[in-house]
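Work through the exercises below with the sequence and the structure side by side, and try each task before reading its solution.

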Amino acid sequence: MRAIPLRWRIIAALIGLALGTTLILALLARHFLALSLQTNTNVNVEMGSALTSALSLAKENYDAKKRQLQDIGQLLSAPPHRDLNALHAAFANAGLDDMTLRISPIEQIDTDLSQGPVVSKVENDQLQLVIALPDSQQALTALLSLGALIDVKNAVHTYKHIEMAEDDLHTAFLLAFLVAAAGVVLLASVTGIRIGFGITRPLHALLKGTREMARDNLQYRIPKSRDDEIGLLIESFNQMAQDLVENRRKRLEAEQIAAWREIARRLAHEIKNPLTPIQLAVQQVRDKYPGDDPEYQKFVTNCTEIVTEEVENLRSLVQEFANFARMPSLSLSLSDLNECVQNVVRLYPDARIHLNLEKNLPALELDIEQMRRVLINLIENGLDASGKNGEIEIRTYTSDDTAIISVIDSGPGVPLKDRARIFQPYVSTKESGMGLGLAVVHNIIEDHGGHISVTDAPAGGAQFDLQLPIPNRAKAQPEEQL
Amino acid sequence: MTRFFIIQALTVCTLANVQPILAQHIPQDSLYIYVQSDTLRLDATIDSLFSKRAIDAIETGMTTSIAVQFRLRTGRGNNLGLHSLLRRLEHDIWEGQYRLIRRSARPDTQITSHFEDIRRACSELQGVTLARLPLPDEPITLQVRIDVNPISSEQRERTRQWLKIIEKGSFLEFFFSLDRSTSPEWIDLFRFRPSALPHLLDE
């Protein structure tokens with residue numbers, strides 16, 4: 001059976017986690033809601049009963065106040081006549097302190113007072129007592145507020161309303177919880193999908209990358225879209241791909257060089273062997289001439305000289321081939337590159353060579369003899385390219401973990417089309433020469449773990465940059481000195 | 001996952017659509033529709049107009065609105081007439097009096113000390129005008145909608161102040177409201193053809 005993809009497992013795990021948590025919370029909420037309802041019901045029963053009793057008491061209180069007003073009305077409607085202060089005192093004595101009293105002419109009163117005092121409920125929740133004051137043409141209107149009783153009534157009404165809405169309220173709580181829970185689950189699902197895809201998408205890209213590598217597509221790169229650990233993984237993959245390309249290039253170059261060396265070795269061997277017999281044979285032809293014809297003798301001598309000269313040229317060519325074929329392995333030691341440069345430059349006292357050397361250049365792992373060969377090659381090339389009045393500048397400096405030596409000439413520069421193959425053997429832009437010089441330079445620098453490149457110098461001419469690694473122990477030196 | 005969301009959505013919809021079961025109804029044997037002069041009229045008795053809870057609320061003095069509405073609809077859904085009986089019942093618990101105020105172009109007030117009088121006045125409907133003739137002679141459905149609401153707007157405000165959790169704009173307000181947003185459903189009461197109705201002679 002095919003395994004479930006990681007992406008879906010991550011999403012399922014996150015959703016399961018959210019659902020599980022929500023389920024636990026739902027059970028807890030349900031339990032607490034039930035507990036709350038049970039408590040609430042008990043409280044409600046007691047509260048309802050208490051409020052009903054309170055309302056009954058309020059009604060009794062209302063009736064009592066009404067009777068009290070009727071009694072005091074009977075009392076005050078009988079002589080003697082009382083002024084307002086005496087009326088207030090009479091109400092106060094009856095325990096009715098918060099009465100509002102007003103005396104007005106009897107003809108302004110709407111109430112029929114022929115039957116005696118009248119007690120009635122009026123607007124604004126007040127009880128009103130109206131009496132005709134004895135021995136006067138005036139009437140007393142007394143108002144008693146029912147504020148506390150009305151409060152009881154309102155409380156009962158509000159309680160009843162809440163009781164009626166209770167079921168809807170519980171349903172609303174449940175719905176609110178369900179919606180919130182659905183929101184949480186939805187959020188968890190979206191987050192799960194985002195995380196799942198976020199993790200597995202780059203893994204898929206890496207998988208595709210490895211497949212491309214397996215198909216020998218070393219140029220394939222994974223776009224880096226993030227800066228976290230996955231981004232670092234992608235970066236490492238791309239770096240690995242780049243290293244593979246570089247290693248392949250170096251291996252191809254090494255194989256090419258080895259092939260060229262083999263050719264050079266065979267050529268040297270095949271050409272060198274007959275050179276000595278040819279030279280001896282020609283000399284014998286010249287020395288053993290028995291005749292005395294001066295014209296012919298002169299002719300033989302000229303021919304012998306030409307052959308000897310060409311044999312010498314061939315010998316030097318063979319020597320060059322032999323040198324290329326027999327490039328010794330490096331003998332590295334910590335050396336001062338600036339000193340090496342200065343020693344080489346001394347060989348050219350008449351040349352216009354300017355030095356611009358970094359004073360604190362660290363010691364490098366160099367094979368001094370080979371490095372001299374490199375410098376001589378580059379200076380010779382530069383002088384050839386620059387002509388009679390040409391100038392050469394040599395700079396040394398450091399950049400990060402690399403020491404760089406630049407040889408800049410004032411010649412015409414290297415055409416762009418030749419730059420890619422100028423370091424290959426038997427490629428030369430000069431009319432003379434076998435094109436082995438820069439190939440040798442390239443090999444030596446690569447053997448040092450460095451890199452050589454050619455560009456146009458800012459002021460014109462060719463600029464050869466040789467990058468050489470700064471060894472760790474050389475970097476540690478300044479700290480040790482401290 | 002999809003199934004889970006569907007189930008949740010259905011649950012929410014089902015819970016949201018729960019309608020109160022109406023206790024009030026008009027028995028068929030109490031229903032009498034007739035033509036008098038050029039008017040279609042109705043006599044009926046509403047059974048259980050006041051629920052126990054409503055009576056309980058009225059007895060505590062809660063002002064209650066009573067709405068009984070009739071409408072006539074054709075088979076194609078056209079409304080032929082709407083008649084509303086709107087009343088307001090106030091109970092003065094201190095004086096023990098009920099005041100039934102009819103809200104109409106000519107309001108009148110009935111005052112009584114007996115709730116039974118109120119029940120009778122609200123439940124027993126006599127000569128209710130449904131529509132003026134002529135009506136199309138096709139099957140017509142009489143529908144009724146009854147609403148007894150003991151919660152006045154002042155009371156709603158008082159309760160809202162009490163229940164601070166259901167303030168305007170709160171999350172819970174999405175699912176619960178003290179304001180009644182929906183009216184009771186229309187209920188089919190009777191189907192008839194105008195030509196088949198009895199005619200009552202004018203007194």
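The exercises that follow concern a predicted model, and each task is followed by a worked solution.

**Exercise 1. Describe the make-up of chain B and state where its confidence is lowest and where it is highest.**

Step 1: Begin with the secondary structure, where chain B has 4 helices and 10 strands, which follow one another along the sequence in the pattern α-β-β-α-β-β-β-β-α-β-β-α-β-β.

Step 2: Turn to burial and contacts; of the 203 residues of chain B, 41% count as buried, and among its contacts with a separation of 6 or more, 65% link residues 24 or more positions apart. The accessible surface of this chain comes to about 11700 Å², with 52% of that area belonging to carbon and sulfur atoms.

Step 3: Check the confidence, for which chain B averages a pLDDT of 81, with 81% of the residues scoring at least 70. The lowest mean, 42, is found in helix α1 (residues 2–16) of chain B, and the highest, 93, in helix α3 (residues 115–123) of chain B. Over residues 1–22 of chain B the pLDDT stays under 50, and for this stretch the model has 17 contacts beyond four places in sequence. For the model as a whole, the scores are ipTM 0.74 and pTM 0.53.

**Exercise 2. Trace the open sheet of 5 strands in chain A and work out which strands stand at its edges.**

Step 1: Write down the order of the strands, which is β6-β8-β9-β11-β10 in chain A, with mixed pairing.

Step 2: Look for strands with a single partner; β6 (352–357) and β10 (451–456) of chain A each have one partner strand, so they stand at the edges and one side of each is left without a neighbour in the sheet. Neighbouring strands of this sheet are turned by 15° against each other on average, direction ignored.

Step 3: Examine one pair in detail, namely strand β9 (residues 402–409) and strand β11 (residues 462–469) of chain A, which pair in the antiparallel sense over 7 bridges; within this region, A:S406 has A:D465 in β11(A) as its bridge partner.

**Exercise 3. Identify which residues of the largest nonpolar core touch the most other members, and follow the contacts of A:L337.**

Step 1: The core has 46 residues, and those touching the most other members are A:L337, A:I394 and A:F464.

Step 2: Leaving aside neighbours within four places in sequence, A:L337 is in contact with several residues, including A:L361, A:M371, A:I405 and A:L468. Apart from this core lies another, of 36 residues, among them B:I58, B:C122, B:L142 and B:V148.

How values were computed
Residues numbered from 1 in each chain as written. Chains lettered and ligands numbered in written order. Predicted model: local features only at pLDDT ≥ 70, side-chain atom pairs only at ≥ 80, totals over all residues. Heavy atoms only, no water. Helix = DSSP H or I, 4+ residues; strand = E, 2+ residues; numbered from the N terminus. Buried < 20%, exposed > 50% of the residue type's maximum accessible area, 1.4 Å probe, protein only. Contact = heavy atoms within 4.5 Å. Areas by Shrake-Rupley, 256 points an atom, 1.4 Å probe, with all protein chains shown as cover. pLDDT = per-residue confidence, 0-100. Pairing = 2+ DSSP bridges. Axes fitted to C-alpha atoms, helices over the stretch in contact; angles between N-to-C directions. Core = buried A, V, L, I, M, F, W, Y, C linked by side-chain atoms within 4.5 Å.
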